Amino acid sequence: MSTQEKLLGRVMEEAPVGSRNKVTVVGVGMVGMASAVSVLLKDLCDELALVDVMEDKLKGEAMDLQHGALFLKTHKIVADKDYSVTANSKVVVVTAGARQQEGESRLNLVQRNVNIFKFIIPNIVKYSPNCILLVVSNPVAVWSGVNVAGVSLQKLNPKMGAEDDGERWKEVHKKVVDGAYEVIRLKGYTSWAIGMSVADLVESITKNLHRVHPVSTLVQGMHGVKDEVFLSVPCVLGSSGLTDVVHMTLKPEEEQQLMKSAETLWGVQKELTL
Amino acid sequence: MASILQKLITPLFSGPPEPPRNKVTVVGVGQVGMACAVSILLKELADELALVDVVEDKLKGEMMDLQHGSLFLKTPKIVASKDYSVTANSRIVVVTAGVRQQEGESRLNLVQRNVNIFKHIVPQIVRYSPDCTIIVVSNPVDVLTYVTWKLSGLPKHRVIGSGTNLDSARFRFLMADKLGIHASSFNGWILGEHGDTSVPVWSGTNVAGVNLQTLNPEIGTDCDKENWQETHKMVVNSAYEVIRLKGYTNWAIGLSVADLTESLMKNLNRIHPVSTMVKGMYGISEEVYLSLPCVLNGGGVASVINMTLTDEEVAQLQASANTLWDIQKDLRDI
C-alpha cells in the first residue's frame, strides 16, 4: 500500500465535482497577472486558468502562483496554450494584445489587436459558450453626477468642470486622462490599478451583486448615438452579465462629448477588417 | 467665495493628522517588492504603505499605479520617495532591494554585491523607524539578514529573514497536491538555509496529526520506493525553474511575505519557518541566521520551537552554518 492509500480512506465514489466559479485570464503580461493576482487575493474563484502564446512565460507564471497555494483559497490553477484548459469558465478576462507604447493613442492599438482577437475570441466561446467576456481595453467625465453622500458637488459649484471654474476641477479629469500616459512614461506600463478594477468587476459578476460600474457596452440608440459603438456608461453587473444600463441625465455639453467619442470610435471601426 | 470643500464638509476635529498605526514600508520596487506591496494591500494589512527605491521614475510610476487602485483598497495613504524620511514610523519594513539572482547563479554569488547596497539602506531605515521589525527578503537571505542585523543595531528578535517560509510553502503545496488535499492541510517544515541545502524535516510531516514517516519509514531517503525526496528536490529547483521560464519569481514570495506581515501586524503568535539568529542552538557556535519555526507576534520573534531533529538533520544545519559563516567572516565593513 502506498503512503497515500495508508493515509486516506476513500469515501466518495463518484468523480470529483467540476469547478463552479472558474475564471480564465487570457494574456499573462503585466495586466493579466495583476488581474489574476487581484482575483486570487479576493478569493473570487475556485479555479483559475491562464492562457497565452508564450509557453515558457505562461508555465513560469502558473508555477509561481501555484507555489503560493498555501496562502490562497483557489485550489486549482492551470495554464496552457490550448484553450481547452479554459473550458466551463464563468468569466473570461481578455488582456491579450499589444501594449500601448509611450505616446501612442489608445486608438492606434486597434488594428494591431483585432488580428489577435480574431484567434482568441472564437476559441474562448467554443470552450465556454456561457461565459461572460470581460475585455480590458483602453475614455467623458460626467460632472453632474459627482457627489459625496448624495450631495451633488456641481450644485455647490455650478461651474465645476467648466473652463471658468475658479477651483479648476477640470484638471482632475485631465489628470485621469493623462494618468495612463504618465504611469507608462514612469514605469513602462500600468498594471496594478487596472488589475484591481478588473477584480472588482469579476466580484460583481461571480457574486451576482447587481452593483453599478462604468463599463463599456453597446450604446447604439442612447444619448443620440447612431452607430454600433461601445462606450462606458453605468451598467448593472450580475451573474448573467451586464443586465441593465443606468440612464444618465446628461447636460447638452456632456451628450455632445459622448456623441463625439462615438463618432471617433466609429471612424476607426469602419476601417477595420474583421 | 467658499470652495466646494468648505461648502460640503464641516470639520469636527481640527488638529494634526493622526500618525499611522500600521505602517508598512517596502524597500525596492522591483518584481518582488511590488508583489509584496500588492499582497499586503489586498490583504488590508496596513493603514499606510511607503515605497522606497533609487530609480525615481519607476518608483513614482509604481506609486501612482497603486494610488489609482485606491477605490478598491483599504489603505488610504500610499507614499513613495528616494528619501527615507517617507518611511518614518513604520511598524514593519520589508527589504527586497538588491541585485537579482541571474539564471544559474547561486544565491551565495550575489553576496558582496548586495552588502554594499545594504550599508546605505539599513541605517536609514532604523533612523526613521527605530521600533520597527525588519523582514529581509533579498538573496542570499540568510547572509543578508545577518548583515542587516549587524548594520541596524536592532535586537535579534526584530530582524527576520523570509528564509524557508517560501520553501516550506512550496513543499506543502507539492506534497499536498500529490495527496489530493489543500496545502494548508499538509504539515511539513523545511528549515535551515534557504535554497540548495535546505533541510526537509521528514519526521515531522503529517496530515491531521498522522505522521507520514510512521506510515513509510523510508520516506525522504534514497531507499524510498515512492521517491518522496523528489518533492524536496523540486522545491530546491523551483526558483531556478521559474526564473528560467519567466525571468524571475515574485508572486509566491510576495504572498509568503504578506503572510509573515499578517502575523507580526496582528500579534497572532503564529509559527512560521523564518530565518533567525541561531547561535547557541544545535551546536552552532557562530552568529548565523538560519530558518527555524518561530513564533511571530507584534514584538517580532517571540520564541523558537525546539525541533526534534535527527542527527543527520542537525549535521545538515551545522554544515549550512559553516558555509554561511565562511562567507560572512570575509565580508567587509559591517
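## A loop in chain A

A:Asn208 sits in the loop that joins helix H7 (192-206) to strand E8 (211-218) of chain A. Helices (H or I, at least four residues) and strands (E, at least two) are DSSP runs, numbered from the N terminus. This is a predicted model, in which local features need pLDDT of at least 70 and side-chain atom pairs count only at pLDDT 80 or more, while totals for chains, interfaces and linings use all residues. Residues are numbered from 1 along each chain as its sequence is written, chains are lettered from A and ligands numbered from 1 in the order in which they are written, and side-chain values use heavy atoms, with hydrogens and water left out.

Although A:Asn208 is not a glycine, its phi is positive, at about 55°. Most residues other than glycine have a negative phi, and most peptide bonds are trans. A:Asn208 is partly exposed, with a relative accessible area of 37%; buried means under 20% relative accessible area, exposed over 50%, and partly exposed in between (1.4 Å probe, protein chains only).

B:Ala208 is a residue other than glycine with a positive phi, near 55°. Look for B:Ala208 in the loop between strand E9 (206-207) and strand E10 (210-211) of chain B. With 73% relative accessibility, B:Ala208 counts as exposed.

The peptide bond leading from B:Asn139 to B:Pro140 is cis, with omega near -5°. B:Pro140 belongs to the loop between strand E5 (133-136) and helix H5 (141-152) of chain B.

## The annotated binding site

An unreviewed UniProt entry annotates a "binding site" whose residues include B:Gly28, B:Gln31, B:Asp53 and B:Asn139. UniProt positions are given in the numbering used here, feature names are shortened, and annotations may be inferred rather than shown by experiment.

B:Gly28 lies in the loop between strand E1 (23-27) and helix H2 (31-42) of chain B. B:Gly28 is buried, at 6% relative accessible area. Beyond its neighbours within four places in sequence, the contacts (heavy atoms within 4.5 Å) of B:Gly28 include B:Asp53 and B:Thr96.

## Helix H3 of chain B

Several residues of H3(B) are buried, among them B:Leu59, B:Met63 and B:Leu66. The buried residues of H3(B) pack against helix H6 (170-187) and H7 of chain A, and also against H2, strand E2 (48-52) and strand E3 (77-81) of chain B.
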